[in-house]
Amino acid sequence: MAFTLIALGLAAAIAVLLILALLRGRSDAAPAAAYDLQVYREQLREVDRDLARGVITADEAGRIRTEVSRRVLEADRKLAAVTAVTPAPRAASLALGLALAVLLLGGSWGVYRTIGAPGYSDQPMAARIAQASEFRANRMRQAEAEEAAPPIPVPAPEPQHLDLVERLREVVAERGDDLRGFLLLARNEAALGNFRAAYAAQSRAIELKEGRATAEDHATMADMMVLAAGGYVSPEAEAVLENALNRDPRNGTALYYWGLMHIQTGRPDIAFRVWRELLSVSQPDDPWLAPVHSQIRDLAWFAGDDDYTPPPLPQAGPLRGPSAEDIAAAKGMTPEQRRQMIVGMVAGLSDRLANQGGSPEEWAQLIRALGMLGDTEQAGGIWAEAQQVFAPHPEALDTVRAAAIAAGVAE
């Protein structure tokens, strides 16, 4: 409010100065010629007095009267010329000044209402940082956020998928220390939209790793917690993100949610620095890349950086793993040599997709390669896993499905 009053006060002062300038301009229009004319007339009277006192002679008085009279005529001519272009009357000048004042004050208030925040108290940086810290410390907890969050829509699962997940639940319930079972359960529950159950299973898997959990393990759990809370980063999710970033400060998932948390708690300056780092480590197929790239310029503005230009989006490189050309080149080998080469390449791609994930094109490539090897059992297993991974993304799943159909493991 203080800023508003100061701004309006300055506008009013400027308006008063404009009015005074207009009125002064009119008074200045009374030309100097009128003053000169008055002076010259007084000089003529003074000549008469000096002649009467004998100070000057009659000849001198005549010469002075002639010179002064000439000046009187010149001043009178100038006065007549200026009077012809005299400014508007005083009332008109005052009306014009008031109109300008109203326009200035009204325009200032209109602009401020459009781009400012009338009615808000002053918000110095220190106060805003303190307010953000207080809000962050006392914000909504995970359980409360989950109760308030709307469900996230996911594609309807296939009946056989539901049967598989139900059996998996039974297995991990019986085997409380089955690490792989809990990891699979966490992934499948997330694919079904059961994010609470997903992060509970992921949490148990992290416990079973007994200190060997990776940054990606913790980032995955935080991802599930945020989704369960409808996109909100709770204090509990923040703690999990800290675990991820302590293990790998450049983990993409953790950096994305760490920046989002600072946006939600009123620190766009920190969020901008975090997302700027995120863009430097992102890969072309990272899901956060496009939204972060489109929003970071506005975020930079809120952080006080008006000149920031985001880097260009990274371009996707060639697919890794065995290609159709690799397999064709192996035809010159003996069957056993060819098979060993392809099996090794397939194994490398399979391990990377299992541990790091990959694009739908890479999953499809792996299934096609397994189909060409005649290993339909493993290709079917990869297809089943792909259905879980890409269940929330129908277009990506269609890409993998086409490869599975070509390999003879899907219809």
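A nonpolar core is a set of buried Ala, Val, Leu, Ile, Met, Phe, Trp, Tyr and Cys residues joined through side-chain atoms within 4.5 Å. Buried means under 20% relative accessible area, exposed means over 50%, and partly exposed lies in between (1.4 Å probe, protein chains only). The model is predicted, so local features need pLDDT of at least 70 and side-chain atom pairs count only at pLDDT 80 or more, while totals for chains, interfaces and linings use all residues. Residues are numbered from 1 along each chain as its sequence is written, and side-chain values use heavy atoms, with hydrogens and water left out.

The protein chain has 19 helices and zero strands. Helices (H or I, at least four residues) and strands (E, at least two) are DSSP runs, numbered from the N terminus. Of the 411 residues of the chain, 34% are buried. The accessible surface is about 24000 Å², and carbon and sulfur atoms account for 58% of it. Accessible areas come from the Shrake-Rupley method with a 1.4 Å probe; for residues, only the protein chains shown count as cover. Contact means heavy atoms within 4.5 Å. Among contacts between residues at least 6 apart in sequence, 61% join residues at least 24 apart.

The pLDDT is the predictor's confidence in each residue, from 0 to 100. Its mean over the protein chain is 79, and 73% of residues reach 70 or more. Helix α15 (residues 324-329) has the lowest confidence, with a mean of 56, while α11 has the highest, at 96. Over residues 26-30 the pLDDT is below 50, and this stretch has seven contacts in the model beyond near neighbours in sequence.

The largest nonpolar core has 49 residues. Those with the most contacts inside this core are Val233, Leu241, Tyr256, Tyr257, Trp275, Leu278 and Val292. At least two residues each come from α7 (159-174), α8, α9 (195-208), α10 (215-228), α11 (235-247), α12 (252-264), α13 (268-281) and α14 (289-302). Helix α13 gives the most, with eight residues. Trp275 touches Leu255, Tyr256, Gly259, Leu260, Ile263, Val292, Gln295, Ile296 and Leu299, not counting residues up to four places away in sequence. A second, separate core has 19 residues, among them Ile367, Ala386, Ala407 and Ala410.

Helix α12 was examined next. Eleven of its 13 residues are buried, so α12 is largely enclosed by the rest of the structure. The buried residues include Leu255, Tyr256, Tyr257 and Trp258. The expected span of a helix is 1.5 Å times one less than its number of residues. For the 13 residues of α12 this gives 18 Å, and the end C-alpha atoms are 18 Å apart, which agrees. At the start of α12, a side-chain oxygen of Asn251 reaches to within 3.3 Å of the backbone nitrogen of Thr253. This pair is described as a polar contact (N or O atoms within 3.5 Å; within protein, one must be able to donate a hydrogen and the other to accept it, and residues adjacent in sequence count only if both atoms are side-chain atoms). Just after α12, Gly266 takes a positive phi of about 85°.

Beyond four places in sequence, Asn188 touches His161, Val165, Leu168 and Gln388. Gln388 is one of the buried residues of α18, which also include Ile382, Trp383 and Ala386. Leaving aside neighbours within four places in sequence, Ala186 is in contact with Ala198, Ala201, Gln202 and Met224. The C-alpha atoms of Ala186 and Ser203 are 8.9 Å apart, across 17 residues of chain.

Glu210 is found in the loop between α9 and α10. At 66% relative accessibility, Glu210 counts as exposed. Glu210 has a positive phi of about 50° although it is not a glycine. Gly62, in helix α3 (residues 58-83), is partly exposed, with a relative accessible area of 26%.
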